[in-house]
Amino acid sequence: MDHTTGYITTIDPRFKWKLADVSTRFMKCEKGEKILSPMFTLSDTADLYWQIYLIPKPINVTDPEPLGIYLKSLNTVSCFVGYKFYVLDERDKKIFYVDRWTREIFAPGAIIGTNNFGIKSKIFELVDNSASKNLVIICELELMMKNIDNRYSVKPNMVNTSEWWFKLEALDCFERLLFNPQHSDIKFIVKGGKELPAHKNFLAARSPVFDAMLGPNFKESQENEIKIEDMDIEILKEILRFIYIGKVNKIDHLLQDLLIAADRYQLEGLKEICKQRLYETLSIDNAIDYLKVADLFHLKQFKKFILNFICLNGEKMGKHPYVDQLADLDKSLSMEVLQKLLVKDIDKDDDTVTNG
């Protein structure tokens, strides 16, 4: 009988699963029986949930030693995910691990992993010799993309095709270049004098602004330095992550700053990612702030969406402490809000807007 045990602690994007009494649990398991972790989620994707499966006695494996480990999607949408597993000893040293990311398309409810994670006798020895007698398994998880079946024609066997895997291998290589000074030919200097290495070809290929900046007659190209003194290094890291591998971390914490940067450097893909997250996180608490953002960056559809949201939630917002922020809006924007509230002119095409 499958059962959930242990507890999960989170330090994004790492999930630490601690299990007690491992030897006894493993020995009592029937063939194919699963030991399940509690559910967990990345902080930036709180609507997506995952679970780790341990299978001490995998089916169709004659050798009694291997341990099976799997990641299960508890979601209703397909996701493109990178993950890796390893065990930590008491000195937080990695053992029983493959030090590279596995990237897979997880259909709703999919379970993907390996029957060959580690040797049970070695794991028992590690646990028995530890002071805590606990097994600590780490899962590192990165969401590359969700709802991919709505954006691409993904066939069930797509992840097995050579072309797809070659593309993933290329992403792995690009990711190894990220923040890596080896073969770097330019560096960024940001707020506080902090530096990050980069590669001109990546910058020029992804951003028209960097492409122009790195022309032969520009100071940045001649000195091999790009100074952005008003930017924090955490924001630059996410800009470069998007440029190199097409994704961002910590988007909720840096959302407006990333949108500003995407606009400044004409990173249209990053701008779309930020816009999507603005739609997903709109609430009564942030509606006025988001309205300013939509107006500043000329996001017409999103601005209309927010105005409809404010109109539908006018009574709740009138009682909210943040309503004083309406006084900070410029005159034209204040008039748009007032007109919307007085006329209650809700755009009928925006049927996705709901009460907060």
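Reply: **Cysteines, then the core**

This predicted model holds zero disulfides. A disulfide is a covalent bond between the sulfur atoms of two cysteines. Two cysteines are worth a look on screen. C79 is buried, with a relative accessible area of 0%. C274 also counts as buried, at 0% relative accessibility.

Now the chain as a whole. It has 356 residues, and 44% of them count as buried. Its secondary structure comes to 13 helices and 14 strands. Look at the contacts with a separation of 6 or more: 65% of them join residues 24 or more positions apart.

Next, the core itself. In soluble globular proteins, nonpolar side chains tend to be buried together. Here the largest nonpolar core has 60 residues. F188, L203, I226, L240 and I243 touch the most other members. Helix 7, residues 233-245, gives the most to this core: nine residues.

Take L203 as the way in. Leaving aside neighbours within four places in sequence, L203 is in contact with I186, F188, A198, F210, L214, I226, L240 and I243. A second, separate core has 34 residues, including F40, F106, A110 and L141.

Which strands form the open sheet, and in what order? Three do, in the order 13-12-14, with mixed pairing. Strand 13 (195-198) and strand 14 (225-228) are the edge strands, and each pairs on one side only. On average, neighbouring strands of this sheet are turned by 20° against each other, direction ignored. Strand 12 and strand 13 pair in the antiparallel sense, over four bridges. In that region, K187 stands opposite P197 in strand 13. Helix 7 packs on the sheet and touches strand 12 and strand 13. The direction of helix 7 makes about 10° with that of strand 13.

H183 has a positive phi of about 65° although it is not a glycine. Is H183 buried or exposed? It counts as exposed, at 66% relative accessibility. Q266 is another non-glycine with a positive phi, about 55°. Find Q266 in the loop between helix 8 (251-264) and helix 9 (268-281). Q266 counts as partly exposed, at 40% relative accessibility.

Finish with strand 11, residues 134-146. Strand 11 is mostly covered: 11 of its 13 residues are buried. Two antiparallel partners can be traced along it. Strand 3 (residues 14-20) joins strand 11 through seven bridges. There, A20 has N134 of strand 11 as its bridge partner. Strand 7 (residues 79-88) joins strand 11 through 10 bridges. On that side, Y83 has L141 of strand 11 as its bridge partner. L141 brings you back to the second core, where it is one of the 34 residues.

Terms used. Residues are numbered from 1 along each chain as its sequence is written. This is a predicted model: local features need pLDDT of at least 70, side-chain atom pairs count only at pLDDT 80 or more; totals for chains, interfaces and linings use all residues. Side-chain values use heavy atoms; hydrogens and water are left out. Buried means under 20% relative accessible area, exposed over 50%, partly exposed in between (1.4 Å probe, protein chains only). Contact means heavy atoms within 4.5 Å. A disulfide is a pair of cysteine sulfur atoms within 2.5 Å. A nonpolar core is a set of buried Ala, Val, Leu, Ile, Met, Phe, Trp, Tyr and Cys residues joined through side-chain atoms within 4.5 Å. Two strands pair if DSSP finds at least two bridges between them. Axes are lines fitted to C-alpha atoms, for helices over the stretch in contact, and angles run from 0 to 180 degrees between N-to-C directions.
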